[in-house]
Amino acid sequence: MASLRTATWLAFLLPAALLGGALISQYGFGLHPCEMCMWQRWPHLAAIIFASLALLLRSRSWSMPLVVAAAMAILTSGLIGGFHAGVEYDWWEGFTSCSTTIPPGADILDSIMNAPLVRCDVAPWTLFGISLAGFNFFLSVGGAMLILLMVATGRKEIGHGR
């Protein structure tokens, strides 16, 4: 039971931290997301919702499938991040090359002319040669595997009556 509870909290906190970091890098440091960056955010949001429901319901019959769903959403974001990192490192070609964001209610022509062009094949920031998409890959895939391992351990504990 303790493993499942820890897995539930990890399934909530990991995507919340990664999504929060993405938003801080965007709004705090001006690292505008490309289209593939945005694709990575949606599964994290889904994981937060699944984990929140698991935390609120606290029923073993509901929380375990919700935590597994959260882990699968985190894994999905990580795999998208891995694909995106491969595009940034020129290992393969991506589906899209650039994007920009236009704020709601803004003059469209002025927004287009003044908007930053964000390319999916260029990492706007790296640390030790690893891009944000690469970090999302490592943290999300590793975190999802850890959550699934904890769920499996919690399942064995329930099965053995501990």
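In what order do the elements of the protein run from the N terminus on? In this predicted model, local features need a pLDDT of at least 70 and side-chain atom pairs count only at pLDDT 80 or more, whereas totals for chains, interfaces and linings use all residues. Residues are numbered from 1 along each chain as its sequence is written, and side-chain values use heavy atoms, with hydrogens and water left out.

The elements follow the order α-α-α-β-α-β-β-β-α, which amounts to five helices and four strands; helices (H or I, at least four residues) and strands (E, at least two) are DSSP runs, numbered from the N terminus. Among contacts with a separation of 6 or more, 76% join residues 24 or more positions apart, a contact being heavy atoms within 4.5 Å.

Of the 162 residues, 37% count as buried, where buried means under 20% relative accessible area, exposed over 50%, and partly exposed in between (1.4 Å probe, protein chains only). The accessible surface, computed by the Shrake-Rupley method with a 1.4 Å probe, comes to about 9400 Å², and 70% of this surface belongs to carbon and sulfur atoms.

In soluble globular proteins, nonpolar side chains tend to be buried together. When residues up to four places away in sequence are not counted, Ile74 touches Ala11, Leu14, Pro15, His44, Ala47, Ser140, Ala144 and Ile147.

Leu10 lies in helix α1 and is partly exposed, with a relative accessible area of 24%. Although Leu10 and Leu146 are 136 residues apart along the chain, their C-alpha atoms are separated by 8.9 Å, and the residues that Leu10 touches, beyond those up to four places away in sequence, are Pro15, Gly143, Leu146, Ile147 and Met150.
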